Amino acid sequence: MDTFLSGKQALVTGATRGIGRAIAEDLLRAGAQVAICGRTKDAVHRAVEELSVFGSVIGEPADVSNWESAEHLFETVRERFRGLDILVNNAGIGIFRSIAELSVEQWRQVIDLNLNGVFYCSRLAIPLMQARGGGYIIHISSLAGKNAFPGGAAYNASKFGLNGFSEAMMQDLRYDNIRVSYVMPGSVDTDFSARSGAASWKIAPEDVAQVVTSLLRMPERTLVSRVEMRPSKPPRAGN
Ligand SMILES: NC(=O)c1ccc[n+]([C@@H]2O[C@H](COP(=O)([O-])OP(=O)(O)OC[C@H]3O[C@@H](n4cnc5c(N)ncnc54)[C@H](OP(=O)(O)O)[C@@H]3O)[C@@H](O)[C@H]2O)c1
């Protein structure tokens, strides 16, 4: 067994299901101690129970789109871990509506989680990583961060913004030995979007997790700052 993350401590946001859950499992298999969150106490409890067969995992219900809730999550991380080496900003939502139908509340929900939540967690993680002499922050963005589509106004804005945020942050932090990357998957087979449903042609959540662990494996001298990934064979246009 390759435990290359043994002794490292990681936080994965939104890891009760989907991509975050697969990432948490891979980090545990690689020997890291992992903290997870999601908004629902029961779902966090269940995920911790199921993930604990792979290693040492703790969970805390938290809504990372809310600054106070994110602060509380990091208080738990500080108390239990005494620091942090890896942050995966995964929690995100998609609300897909034409701009003419998108409510102010829906716009806020998407930006508050996909953009503000990533800022909150990154801002809270940085001092913990600086105290350890370095770390790694990985954002789960999307191909929707470079390809706009009808109905994507809020989601596209959040992920285009996240990519810019990530690139600036990477330049702010590189000399503190904190590496920053963003991963841009196309359609992933999760419950994320009711509009597209499950399908075997989609990227599996485990494949995104594999990209995350391969970034973490990269020698410290090298930074893969942006990864695009897509289904090899999506349905042909018109099908
Ligand atoms: N699936 C795709 O096709 C796809 C493609 C490209 C990029 N992505 C990105 O990948 C990330 C994960 O997507 P996914 O498909 O795995 O989604 P998912 O299956 O819906 O899972 C989302 C996870 O985030 C948690 N969550 C939602 N809101 C939260 C909040 N405010 N605070 C903390 N946790 C929260 C959810 O738990 P609770 O609901 O219990 O809080 C759940 O654990 C997102 O950033 C998404 O934009 C997804």
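The model is predicted: local features need pLDDT of at least 70, side-chain atom pairs count only at pLDDT 80 or more, and totals for chains, interfaces and linings use all residues. Residues are numbered from 1 along each chain as its sequence is written.

Select the ligand and its surroundings. Of the 31 residues around the ligand, Gly14, Gly18, Arg39, Gly92 and Phe192 come nearest (a residue is near if its C-beta atom, placed from the backbone, lies within 6 Å). The shell has 13 nonpolar, 14 polar and 4 charged residues (Ala, Val, Leu, Ile, Met, Phe, Trp, Tyr, Cys and Pro count as nonpolar, Asp, Glu, Lys and Arg as charged, the others, Gly among them, as polar). Helix α1 (18-29) and strand β2 (33-38) each supply at least two residues, with α1 giving the most, 3 residues (helices are DSSP runs of H or I, at least four residues, and strands of E, at least two, numbered from the N terminus).

Next, select α4 (residues 104-132) and α5 (residues 153-173), whose axes lie 9 Å apart at an angle of about 15° (axes are lines fitted to C-alpha atoms, for helices over the stretch in contact, and angles run from 0 to 180 degrees between N-to-C directions). The two helices, α4 and α5, are therefore roughly parallel (angles under 35 degrees). Their contact comprises 12 nonpolar, 5 polar and 1 charged residues.

Methods: Parallel < 35°, antiparallel > 145°, perpendicular 65-115°, else oblique.
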